Amino acid sequence: FNFKNPNLAIKKVRQAIALSIDLKQLESDIYLDNGTVSDSIYFPNFLGSKNAGDPYQINPENALKLLKSQGYKDNDGTIENSLGAKIYISILVNRDNLTRVDVAKSIAKSLNDLGFIAKVDSVSWANYKTKLAKGDFDMYLGGYTFEKRYNLSELLTGDNYINYNNSDVTENVNKLETAMSAKSYLSTYNKLKSVLIDDLPYYCLNYENFSLLTVKTFKATDLP
């Protein structure tokens, strides 16, 4: 979510959007059940912290309640702000990744069904990176390759693509880097996860699963 967008900067609007997305349907229809839903952007069961799955299971009725609590109204199926303006949302995605394009289209449909006016901005990889750097998006769909220490400060602190800043998140991300014991590491992560679930700067859709096929014996006439 781009926090420069005045609508998406509102936490309950982000939560309402999450409540409009059916992750189970995405998993079955697009990811073909080849993934795991995580309760945060950290991988499932990170540090032994139990993964509770999707913290925002689809519930359009509750989504509308959240929006109305923030002054938005449902005008015959269209969400409007207090001034009567419609809410437009553009979802940026790399067109070279066909799976993500399909996911973006599905999310846009969910948002349109809720009452937003959503569209998919499917662009080349080069243009995608340019738009991210410029902040030229409302929401973006993407993946991330984590470094071995799983330090997410690039996404959660400082100068990030979504212009996100939360002092509690920054504090706990920094504490993760200096924790001296497994107990303090886990305690700090649980605090961080709780804040991330509530504040929802990112909504984790899927952690892709991989399988390894092995055989007990291997015979060949010629060695490879």
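Start by selecting Asn81, placed in the loop between strand E3 (78-80) and strand E4 (88-94). Helices (H or I, at least four residues) and strands (E, at least two) are DSSP runs, numbered from the N terminus. This is a predicted model: local features need pLDDT of at least 70, side-chain atom pairs count only at pLDDT 80 or more, and totals for chains, interfaces and linings use all residues. Residues are numbered from 1 along each chain as its sequence is written, and side-chain values use heavy atoms, with hydrogens and water left out.

Stay on Asn81. It counts as buried because its relative accessibility is 18%; buried means under 20% relative accessible area, exposed over 50%, partly exposed in between (1.4 Å probe, protein chains only). Show the side chain of Asn81: it reaches the backbone nitrogen of Leu83 at 2.9 Å. Beyond neighbours within four places in sequence, Asn81 is in contact (heavy atoms within 4.5 Å) with Gly71, Tyr72, Lys73 and Ile87.

Next, select Ser40, in the loop between strand E1 (35-36) and helix H3 (60-69). Ser40 is buried, at 5% relative accessibility. The side chain of Ser40 reaches the backbone nitrogen of Tyr42 at 3.1 Å. Not counting residues up to four places away in sequence, Ser40 touches Tyr189, Lys193, Cys204 and Tyr207.

A cavity is a set of points on a 1 Å grid over the protein atoms alone where a 1.4 Å probe fits but cannot get out; lining residues have an atom within 4 Å of a point. About 110 Å³ of space lies in the largest cavity. The lining divides into nine nonpolar, two polar and one charged residue.

Now turn to salt bridges: a side-chain nitrogen of Lys or Arg within 4 Å of a carboxyl oxygen of Asp or Glu. The count comes to seven. Select Lys11 and Asp198, whose closest N and O atoms are 2.8 Å apart. This pair links distant parts of the chain, helix H1 (residues 11-19) and helix H8 (residues 182-199), 187 residues apart. Lys11 is partly exposed at 30%, and Asp198 is partly exposed at 36%.

Move to helix H4 (residues 98-114), where Lys109 and Asp113 lie four residues apart, about one turn of the helix. Their side chains meet in a salt bridge (3.0 Å, N to O). Lys109 and Asp113 are both exposed.

Finish in helix H7 (residues 167-178) with Glu171 and Lys175. Their salt bridge is 3.2 Å, N to O.

Key. On a 1 Å grid over the protein atoms alone, a cavity is a set of points where a 1.4 Å probe fits but cannot get out, and a pocket is an open set with protein on both sides within 12 Å along at least five of seven lines; lining residues have an atom within 4 Å of a point. Grid points are joined across faces, edges and corners, and a volume is the space filled by probe spheres set on the points. Ala, Val, Leu, Ile, Met, Phe, Trp, Tyr, Cys and Pro count as nonpolar, Asp, Glu, Lys and Arg as charged, and the others, Gly among them, as polar. A polar contact is a pair of N or O atoms within 3.5 Å; within protein, one must be able to donate a hydrogen and the other to accept it, and residues adjacent in sequence count only if both atoms are side-chain atoms.
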